[in-house]
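Please consult the sequence and the coordinates while reading.

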Amino acid sequence: MKVAVRYYTQTGNTRRLAESVAKELGVRAESVDVPLDGPVDKLFLCNSVYWAGVNDSVKRFVRDNADRIGTIVNVSTAALIGSSYAQMKNVARDAGVRLSPEEFHCRGQFSALHAGHPDARDLEQARVFARRACS
């Protein structure tokens, strides 16, 4: 199974999460600015919610790489909402890409809110999730 990990971050929290997932899967975490170089069975797309939605860079990445993505596995951080899954469901649908019903979400730090997240426990849980999602 070919997998890839891409992320979008404004504060570095989501990048840390993506790097943890990528390390577990034996691949490199790259920004959504880097297109897929070929088809992948699973794309672990690490993102967050900013001002009640996923960033346009994430939407553009999915749209521009849709023909290379088998299934998106959503991995998200957010300080104020439970997950970016609902937003990513719309992004995937609009691009004609399957979104896995499984997802990983943890709190992300926003100013003083949820300080230190994702923490070591969050990163370990992300690794366990990635391993299970690929088995």
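Q: What distance separates the side chains of N74 and E103 in their polar contact?
A: The model is predicted, and side-chain atom pairs count only at pLDDT 80 or more. N74 lies in strand β4 (residues 69-78), and E103 is among the residues that N74 touches. The polar contact that joins the side chains of N74 and E103 spans 3.1 Å.

Q: With the side chain of which residue does the side chain of N74 make a polar contact of 3.2 Å?
A: The residues touched by N74, not counting those up to four places away in sequence, include S83, S84 and Y85. Of these, the one whose side chain makes a polar contact of 3.2 Å with the side chain of N74 is S84.

Q: Is N74 buried or exposed?
A: A residue is buried under 20% relative accessible area and exposed over 50%. N74 has a relative accessible area of 0%, so it is classed as buried.

Q: What kind of aromatic pair do F104 and F129 form?
A: The structure holds one aromatic pair. In this pair, F104 and F129 lie 6.0 Å apart, centre to centre, with 40 degrees between the planes. Planes under 30 degrees apart would count as stacked and those over 60 as edge-to-face, so the remaining class applies. The pair of F104 and F129 is therefore tilted.

Q: How many residues apart are F104 and F129, and which elements hold them?
A: The pair links distant parts of the chain. F104 belongs to strand β5 (residues 98-107) and F129 to helix α4 (residues 120-133).

Q: What is the relative accessible area of F129?
A: Buried means under 20% relative accessible area. F104 is buried at 8%, and F129 is buried as well. For F129 the relative accessible area is 3%.

Q: How many disulfides are there?
A: A disulfide requires a pair of cysteine sulfur atoms within 2.5 Å. C46 is buried, with a relative accessible area of 0%, whereas C134 is partly exposed at 24%. By the distance rule, the number of disulfides is zero.

Q: What pattern does the protein chain follow along the sequence?
A: The secondary structure comes to four helices and five strands. Residues 24 or more positions apart account for 75% of the contacts with a separation of 6 or more. Read along the sequence, the pattern is β-α-β-β-α-β-α-β-α.

Technical notes:
Residues are numbered from 1 along each chain as its sequence is written. This is a predicted model: local features need pLDDT of at least 70, side-chain atom pairs count only at pLDDT 80 or more; totals for chains, interfaces and linings use all residues. Side-chain values use heavy atoms; hydrogens and water are left out. Rings of Phe, Tyr and Trp (its six-membered ring) pair if their centres lie within 6.5 Å; planes under 30 degrees apart count as stacked, over 60 as edge-to-face and the rest as tilted. Helices (H or I, at least four residues) and strands (E, at least two) are DSSP runs, numbered from the N terminus. Buried means under 20% relative accessible area, exposed over 50%, partly exposed in between (1.4 Å probe, protein chains only). Contact means heavy atoms within 4.5 Å. A polar contact is a pair of N or O atoms within 3.5 Å; within protein, one must be able to donate a hydrogen and the other to accept it, and residues adjacent in sequence count only if both atoms are side-chain atoms.
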